[in-house]
Amino acid sequence: MTGLGINQVHCGDCLELLERIEPGTVDLAFADPPFNIGYKYDVYEDRRSRREYLDWSRRWISNVSVVLKPTGTFWLAIGDEYAAELKLIAQDEAGFHCRSWVIWYYTFGVNCFRGFSRSHTHLFHFVKDPACFTFNGENPAVRVLSARQLVYRDGRANPKGRLPDNTWIFRPQDAPPSGFAPSHDTWYFSRVAGTFREREGFHGCQMPEQLLGRIIRISSHPQDLVLDPFAGSGTTLVVAKKLGRRWLGIELSSHYVRRIRLRLKAAQTGDPLDGPADPVRSAPKTSHGRRGVRIFRSRPLPESDQTTERAIISAFQAACTDYSADQVLCDPEVNARFIAACAASNVGREPFTCNRLLLRLRKRGKLPKLGVARRRLDSRTMDPYSDAAEIAMQLMSVDYGYSLDDLLCSPEAAAEFDRLAAEFAPGYSPAEYRWAAISIRKRARSSKALAKSHFSAWLRRRSLPPAAPLSNWVDDRYAVPGVYVVFSESIALYVGETFNLLRRLEGLSSAEGWKKLTPTSVLFLPCKENTRVRHGLQTALIQRVKPLLNSQLLRLRPAELV
């Protein structure tokens, strides 16, 4: 526990409230403090003496260092006036190590009459331990297209793209390829100008969500705790929530706090971030006029000819005589045999492409029947870990932007999925976790149809029973099937269904992934009918309580509610 409520924004002075956070509990802190340039805030006076401002900065930076874990990361956004001083305070006095000095370059900068227009902010990337910190450089949602991909369409380009630039650029949409070398450190995101749709309007220094998304994705893991001691417009907290992190905000202005809470209430885990994910590609070159540029989130598949299709089918027949295509993706050993057979058939050695081509053939009905496939896992067998598979699938979707197909086709992404699932239900094999995820997708449509036809009106009429503390659910009377909701304080974390609530909650109490979330109470609706009915009730409850960790596949979209 932190001493301050998790997933809440707290009103008060950060110097006082930071001292109430338990030391060593925060994974990532992002701070965009006042720049001491006379900006008109709601209640804060932004015109202090130089000495007073630096002394105040020393105190809050020191407090941030105390609350961070030994492996924690601290990002600081600051203007020109005090960038050098605050960098030295963080390094020399608070003991941070500076990994990068990033320049955030933006359009719509502040116009100056007797100097150059201001169009940048300094972003310092600090860590406590230079040998042990989080840096998710392989996250595809963080990486950007290289010049080989963007300009030359070069097939030799790394399909993962590269890490973002860090050098000066002018108009990024008109810059030459040499302006995007991997060694650079300038990031281009437009400021949130007054005419932008994402502009909240109550705070003049609103950060773009995509900028915070890059920082949160690269410096934290799903369900890590993200702290913003100067919550301002609430962007850090909103983005943390959308990306499946826990969050904690501090803000001096009670008016800002009320507006932040409204903004947080409207955001859900899994919601897309506002603003273009790749502003360089979304802003077309001026020489081509105003035309849109499509942004691809996943790797395009090459068009396959009959020779390639025959080679994929041959590899499938050689390596997978009694497995379905789905089972080939779920079992790492079988998949390795299939990839080796693809290489022997001259298809290539890149697993993602081979697996996606296999799936495409399956979906087009071109794969041969190889006899009786091995017995698949049933719902009762998967019950101890199906919740973990669903949570891991949701976290991979939110954090990496992977569909289930992309996840299963990439060995690296599938391994990360396995790791996340094991945090919530340890001790099972990758094939078990992955098959449970496929099973959730297979029954999603019928579960949503049942929720709409049988339970939506029932849930609107019926008030739900109160949640009870976890310690209340230890009696053998609760070794029964039903649907449950896990809460952390007043936040709904997850809606699950199970054959045995007592066994499920015993696992919940011991798993490391659940411990991070600090579950406090459970609501339970007994349901002894068949599994299909429980699935429908689960989906209906997801719609009712809007939990953080349930798969998007089980959530009813507005069009499905009509």
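Good morning. I begin with two helices: the axes of helix 5 (residues 209–219) and helix 6 (residues 235–242) come within 9 Å and cross at roughly 60 degrees. Here helices (H or I, at least four residues) and strands (E, at least two) are DSSP runs, numbered from the N terminus. Axes are lines fitted to C-alpha atoms, for helices over the stretch in contact, and angles run from 0 to 180 degrees between N-to-C directions.

This is a predicted model, in which local features need pLDDT of at least 70, side-chain atom pairs count only at pLDDT 80 or more, and totals for chains, interfaces and linings use all residues. Residues are numbered from 1 along each chain as its sequence is written, and side-chain values use heavy atoms, with hydrogens and water left out.

Helix 5 and helix 6 are therefore oblique to each other; angles under 35 degrees count as roughly parallel, over 145 as roughly antiparallel, 65 to 115 as roughly perpendicular and the rest as oblique. Their crossing is right-handed, a term used if the near helix is turned clockwise from the far one by less than a right angle. Helix 5 contributes E209, L212, G213 and I216 to the contact, and helix 6 contributes T235, T236, V238, V239, A240 and K242. Contact means heavy atoms within 4.5 Å.

Let us stay with K242, in helix 6. Is K242 buried or exposed? K242 is buried, with a relative accessible area of 6%; buried means under 20% relative accessible area, exposed over 50%, partly exposed in between (1.4 Å probe, protein chains only). Leaving aside neighbours within four places in sequence, K242 is in contact with E209, A267, Q268, T269, G270, D271, P272, L273, D274 and V398.

An open sheet of 4 strands has the order 9-12-10-11, with antiparallel pairing; two strands pair if DSSP finds at least two bridges between them. Strand 9 (468–469) and strand 11 stand at the edges, each with a single partner strand, so one side of each is left without a neighbour in the sheet. Even so, 7 of the 8 residues of strand 11 (residues 491–498) are buried, so this strand is largely enclosed by the rest of the structure.

How many bridges join strand 10 to strand 11? There are 7 bridges between strand 10 (residues 482–488) and strand 11. Across this pair, V483 stands opposite E497, and F487 stands opposite A492. The hairpin of the two strands has 2 residues between them, and E489 takes a positive phi near 55 degrees.

Most residues other than glycine have a negative phi. N7 lies in the segment before strand 1 (8–11) and counts as buried at 9% relative accessibility. N36 lies in the loop between strand 2 (26–31) and helix 2 (50–67) and is buried, with a relative accessible area of 5%.

Finally, the cores. A nonpolar core is a set of buried Ala, Val, Leu, Ile, Met, Phe, Trp, Tyr and Cys residues joined through side-chain atoms within 4.5 Å. Of the 67 residues in the largest nonpolar core, M396, F417, W473, W514 and L541 touch the most other members. The largest share of this core, 11 residues, comes from helix 17 (residues 430–461). Apart from this core lies another, of 38 residues, among them A83, I89, A90 and F230. Thank you.
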